[in-house]
Structures are given as C-alpha cells and as structure tokens.
Amino acid sequence: MTAIYDMTRRVTMHDVNQDVNYDDMETDMQDFFADSNQPNYDRPQSTIEKLPDKVLRDIFQYLSPKQIISVGQVCRRWRTNSQNPLLWKFVSFRPSYGGIQVNPQCMDFFLQLIGTRFSELRIVELATDLITPNVLHELANKSPKLQYLTLDFSTAMQLHDFTDLQTFPSRLKSLTICLSENIFLEGFLRKVYTFISSVETLHIIGTYEKVEDEEEEVYETVNVFKLKQFLPNLRVVNLWGVPFITDEHVDAISSNCAHLECLCVNYCAKVTGSCLKLVLQRCRKLRTLFLAHTKLDNNIIKSVDWEKTRIEELDIKGTELNAEALISILTRLPHLRWLDASWLENMTDQVLEAWQNSNAMGSLQFLNMDTCDSLNEQALVDMIKRHGHQFHGLCLGGQHKLLEYFWMNMIPQLRNIRVMVMGIAEDCCPKVVAKIHVDQFIDCIAQNCPRLTRLEVRWDDETLRFSDKSSKFIDVLRMKCLMLHSIVLSDGQYYELVRSNFERADRMSVVRTTEMCRTGLLHCSRYFNKLLFN
C-alpha cells in the first residue's frame, strides 16, 4: 500500500499540463479501492498488481527513459507496459548528458525499436555513433511525429559515410547541431538541406568551453552561408559559443529570415555588432537579442537605430561597452521588459540616471545587474523607489555596498517581485565586514513579497547573524510565500536550518546551496524554452 500511495501521489502532484486523463484515472482508482470500507478480515489484500494497466502507464510516464527500462525488469506485465510507445515521446541517446547508452553490437535491435517502441517519438537526441544513414532513415519513416532533433557531433573523431543517405526527418520544428572542433559537416548537411525547410528553431552549439588557447586555429566546420538558404522559416536562432561566427555570418542568416523573433550569439567572441543595423532593419519581428560576452564595439553600437526597433529582451552581460554606449542603447529602447546587464564595469550611476530620465524604463519588469561594482547605493535606491512596483525579477547580488539597511528599506517597494537575488558570495572581494541579521530579512520578505517564487541569499554564515528563534521566521516565510519553490543559500548552519524546516513540511526540493544552484532571470525570457539545449 505504501508503494501505491507513493506512486499515485507523484501523479497527482505532477504538472497538470501533461497528457493525462485524470477523470479516467480517478475512476480506476475508485474501483481499485471500492471495498476499502470493509473490515480488514473481509477485504481482499490490496497490492500493486491490482492496479489497471492504464494507471501503471500513467505513473510510468513521469519516469525518465532509464527509469522506465528499470521498472520494465520487475515482471512481464510491467515490461509490457513499459514498452508502450506513448511512454517514449522524448529520448536522449547522449550518455554524457544522462542519456541512454546504446551498445554498438545491438544496432540492428535498436533499428527495430525505432519502428515499434519509438513510433510516437517527438524529441530525440543522438550521439555521434548513432548519427548514421540507417538510423536517420528509420526515424524519417517510422517516427512521423518527430519534431525536435539534436545531432551531437561534439565528440566525433570522424563521420560515418553519408553517401547513401536519401531520407531525413522532414517535419522538424527544431534542429540542434553540436559542433566538433575540427570535423567538417558540409558533406553531411549537403544530404539534408532539402529536408529542413520546416525548421523554426536552429541551435548551432560551438566549442567555447573547450577552447584553451586563443591563438589556436579555428575551423569553420559549418557553411552558414549555404545553410541559411534552406531555412526560410526560422523564428529562433541560437549560435552559442561558436568560435568562427562573425558579423558576416549573422548578417547572412538574417537576410533570409523575415520572421526572426529571437537571435542569440552568446559567447561568439568575434561578433562586434557591425551586423546589427542591417539585422534590425530586415527582421522587424525581432524581440529578443542576446549578445552576452561578445566583443561589441562602442561606436558601432551607438550608430544602431535602437528607437526604431521592437526589442523587448536584451542581454549585454560581460561586454566591454562604455558608459556612452550603454546610455545610447538603454535610453532608446522604450519597449524593453527584460535586461541582463550583469558584470558590466561601466554600468555607473550616470548611466542609471540617464536611463530613468529618458522614461525608457517604464516597461521594464526583469533586471539583472549582478556584480556591477560601479553602482552606488543611492542610485539603486532612487531606481527602486521609482520603479520597484513594476519589477517582477531583480538581481543585485555580488555588490558589497548593499547591506541590511538597503534591503530592509527596499523590500517593501518590491511587492510584485517573483525573483530576487541579494548578497555577495564568500569568495568575492572585497569581503563584507558588517553582520547581516537574516531573521529581519526573512520576516520582511514574508510580509511584503507574497508572489515570490525564487530567492537567493549569497552571504555566508560568517556574515549572517541568526538566532534560536529563526525557525519561527522561516515558518512565516513558508506559509506566506506559497509560490516559493527555490531558496538558494550559502552552505552552512543557516542553510541546514532552513532546509530542515522545509523538509519537515514535505517540501523537499525547495532549499538548495550556491554550490549546486544559482538564480538568474533567463527562465523569465519569453523564449527560454526555445533556447534550451543539452
């Protein structure tokens, strides 16, 4: 009975957006427990074997593919149910990212499974050794509902022979290509160009994390100029960390994408922004522009007609823009609702003041100014007093000047806040000398921020001061902020105290450490789900 309770509870507590007919399942469960009012000596023993197949499948669909394989080894009945194609809509075959490892000696069996177990497949991720003509042929013919395909070439030493490749999934909405450092994909792509015209989301993931020597030769492993000719319906383009991408490549893609809504070139170190003027003129539907850690040129950025665009989301994190360029951008974007301006040395009080005086901050809802050391407390106080009521997300972590007095006065101004980050990590410099009375913070947040969903407090135990009565304040936070599902704290005594409090209330996954989790605002972007990869 305990096992039944645990599994059915997982179903009822899971996201209601899943394809589950809860009315039918409730009827099945009522039938199963129909005799529960009888005395124990008259009632048949209730076991997991009594659950209908449909309820078993409804439970299994909340398991990962690896877990489904494991439960299929329990008995023949569970094995039969675990092989139902409806349970295999999303499968990853990338072991390095937690996916299923396919034995090369079992390739024939794997090809047979595509036509049986994977007939309802919608999302699949393939590692290099599975990107073969036979596998792609079977997916094209036996998985007609496939819409999201990831091809991971990042570990490739050499490619398979694609001379005989005649078919490829032709109803894709999203295509992700993970590049290798020196494996050229033109021969493969030449075979699939005619099948990918339906793609609306394109991810080309580079090798940014693997680059150690900046002087090392960079190979253009994908012909972007040719690829763009066969993708007229793109709405989201994500060129993440591709070392050879330049403004010419971005300009080429935009020339054939009149419907482009989101462009991301994060960590493309050769992009200077010279393409932006033409891109913004061509792509009138462009709403989201991510330029984090690029080499944006100040003069080029100031020459862009920002006031003529409809940009609502902008990421300029980690760029080297000066104060004049920042003012030029921010004061001419009246529709801006989401901004990541973290790690900007030149984000100063003058920039913030000019931005407010331009009345361009009226639509802003999400603001990340993490580790902008040039900002002073008074400038931030003025901003929050003027615009705090409209903020849904605010990240002001990494700033040693913002201490107890600031936050105790500003939190009441943030009554609509959903995501909030404060404090400075223990390994940051300069070190915070003052003590922070965290109980007052918690009580103030509980009383003023009922919509809060994510909170991160980075101060360590040496900086935080708490008492034996802290549990009472944590109780108030837990009961007042009912939507709160993530609290990130520095590892230590206070973290253990908060975690145990939430665990006693059966909220096991709410409290996390800064070592394992960091809070940001990317999930608040309109295109967050479209930009996900790996």
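Glu324 counts as exposed, at 55% relative accessibility (buried means under 20% relative accessible area, exposed over 50%, partly exposed in between, with a 1.4 Å probe and protein chains only). The model is predicted: local features need pLDDT of at least 70, side-chain atom pairs count only at pLDDT 80 or more, and totals for chains, interfaces and linings use all residues. Residues are numbered from 1 along each chain as its sequence is written, and side-chain values use heavy atoms, leaving out hydrogens and water.

**Salt bridges**

- The structure holds 21 salt bridges (a side-chain nitrogen of Lys or Arg within 4 Å of a carboxyl oxygen of Asp or Glu).
- Glu324 pairs with Lys302, with the closest N and O atoms 3.2 Å apart. Lys302 lies in helix α12 (298-303) and Glu324 in helix α13 (323-330), so the bridge ties together parts 22 residues apart in sequence. Helices (H or I, at least four residues) and strands (E, at least two) are DSSP runs, numbered from the N terminus.
- Lys302 is partly exposed, at 31%.
- Glu261 bridges to Arg235 at 3.1 Å between the closest N and O atoms. Glu261 sits in the loop between α10 (247-254) and β7 (262-264), and Arg235 in the loop between α9 and β6 (236-240), so this pair joins parts 26 residues apart in sequence.
- Arg122 and Glu120 meet at 3.9 Å, N to O. Arg122 is partly exposed at 29%, while Glu120 is buried at 19%.
- Asp370, Glu456, Arg458 and Arg518 are linked in a network of salt bridges.

**Cavities**

- There are four cavities of 30 Å³ or more. On a 1 Å grid over the protein atoms alone, a cavity is a set of points where a 1.4 Å probe fits but cannot get out; lining residues have an atom within 4 Å of a point. Points are joined across faces, edges and corners, and volume is the space filled by probe spheres set on them.

**Ser486**

- Ser486 is found in strand β17 and is buried, at 1%.
- Ser486 touches Thr453, Arg454, Leu455, Val510 and Arg512, not counting residues up to four places away in sequence (contact means heavy atoms within 4.5 Å).

Methods: 1 Å grid on protein atoms, 1.4 Å probe; cavity = no way out; pocket = protein on both sides within 12 Å on 5 of 7 lines; lining within 4 Å.
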